Amino acid sequence: MRVLIVGAGIGGLTTALSLHEAGVEALVVDSAVRLRPLGVGINLLPHAVRELTELGLGDELAGIGIPTAEMVHFDRYGGRIWAEPRGRELGYKWPQYSIHRGELQMTLLDAVLARLGKDAVRTGTVFEGFEQDGTQVRARLLDRASGTAGTATADVLIGADGLHSAVRAQLHPGETAPRWNGIRMWRGVTEGEPFLNGRALAVAGSNAASKMVVYPISMRAERRGRALLNWVAEVKLAGDRLNDTADWNRTGRLEDVLPYFADWTFDWLDIPAMLAATTEILEYPMVDRDPLDRWTSGRVTLLGDAAHPMYPIGSNGGSQAVLDARVLAHELARAADPADGLLGYEHERREAVNRIVLACRDMPADRILQTVSERAPRGFDAIEDVLEPAELNTIAGAYRQTSFSDVETLNTRPSYTPSG
Ligand SMILES: Cc1cc2nc3c(=O)[nH]c(=O)nc-3n(C[C@H](O)[C@H](O)[C@H](O)COP(=O)(O)OP(=O)(O)OC[C@H]3O[C@@H](n4cnc5c(N)ncnc54)[C@H](O)[C@@H]3O)c2cc1C
């Protein structure tokens, strides 16, 4: 069986590795002329780290990512509201990693080239459309360098081509633009001093107005006694309108984001100084798409953001793409007919991920953070003066809706790695 994967992001590359492990041949095409370590930080949840570890990449991840130990919420004055352990500290056998998206992508790319061969990834190749006849899929591809149109024939086609997926557009013609929830995000990475315990994911403020998420993402920096700080600033303005399409590479401006955080100088971190020290700022709207009732048509299916783009709440974008890849390879390898394998994959994944897309829209943790800002608009001395213990516990419950597999289930369920 030969599989054509459109998109060499986290999802597409993990799919290629998983198929290879299952004895299935794969070719990956990507429209980027050169794959470069783009993006800023993302989080890989323990269930995704388990999969990448079973693909033999555990040491590589440990060499670059930070094993996140706790998540801590603050109000916009830096007052501590709540903290909860993460990863191994929650009892999982695998850590949660905060990691640079581009470094993760390059790690996966190196593994694909080493294991599948240097011709397994074809860059500068734009997928333009497909036809299928029940036994094969023919993809129309454009070579960007020469401007030449060509075709590639495969037994299966996988659309791992992200938010603006061309494969999805053909499977679901007429779908409108991604949905924006009114929140603008500025993102950046800058080196600084470690804060809190050095391995915390900190959230300050709430989406009622302004929110800042900060976490360290580099083991190399940690070894030097420093921290590579990844930050995401989220701002919601009344009456704001979106004029551009969502583009992960759009440059943002310090003067646009700094005013919302100008006095957010806390004893645990100086936010305005961190923003001002950032050399490259990116801007992105918080968008997703409505859940689909179908990912698969015959021998074509969707995976990762192409199938289920979601708000970056609860560290799920990259993690769910990794899980898709593993389940897809597992189902394809054991099905007599590839179309049945794709349906098996969709059956296991689609409804489960669609529930996460909707849970992310609900932003459940934010409701209680907004309550804090309403009851204590000028900050607080002790959080117990503001929230009842039961109210505080709703934050933990909120993250369980979007982020966590049950610890025991993840630790004990069978592996997707083919046995023997
Ligand atoms: C450049 C970039 C930067 C990002 N930065 C961040 C970030 O900072 N923070 C964050 O949370 N998430 C970021 N993301 C999104 C994040 O990678 C995904 O949410 C998650 O990892 C799932 O990945 P995916 O493989 O499904 O899709 P993606 O990572 O989006 O990968 C899709 C791939 O498909 C390729 N592609 C698209 N259309 C075509 C086509 N027609 N033909 C051929 N190839 C095509 C793209 O070049 C891309 O490499 C970024 C994505 C990209 C592409």
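Strand 1 (residues 2-6) and strand 12 (residues 156-159) pair in the parallel sense over four bridges, where strands are DSSP runs of E with at least two residues, numbered from the N terminus, and pairing requires at least two DSSP bridges between them. Leu 4 has Leu 157 as its bridge partner in strand 12. The model is predicted; local features need pLDDT of at least 70, side-chain atom pairs count only at pLDDT 80 or more, and totals for chains, interfaces and linings use all residues. Residues are numbered from 1 along each chain as its sequence is written.

Strand 1 also pairs with strand 2 (residues 25-29), in the parallel sense and over five bridges; here Arg 2 is bridged to Glu 25. Four of the five residues of strand 1 are buried, a class that requires 20 or more other C-beta atoms, placed from the backbone, within 10 Å of the residue's own.

The ligand is surrounded by 32 residues, a residue being near if its C-beta atom, placed from the backbone, lies within 6 Å. The closest are Gly 7, Gly 9, Gly 39, Gly 162 and Gly 304. Helix 1 (10-21), strand 9 (125-132) and helix 8 (317-334) each supply at least two residues of this shell; helices are DSSP runs of H or I with at least four residues.

Ala 306 is located in the loop between strand 18 (300-302) and helix 8. Ala 306 counts as buried because it has 31 C-beta neighbours inside 10 Å. Beyond four places in sequence, its contacts (C-beta atoms, placed from the backbone, within 7 Å) include Gly 7, Asp 161, Gly 162 and Arg 168.

Terms used. A residue is buried if 20 or more other C-beta atoms lie within 10 Å of its own, exposed if 12 or fewer, and partly exposed in between; C-beta atoms are placed from the backbone. Two residues are in contact if their C-beta atoms, placed from the backbone, lie within 7 Å.
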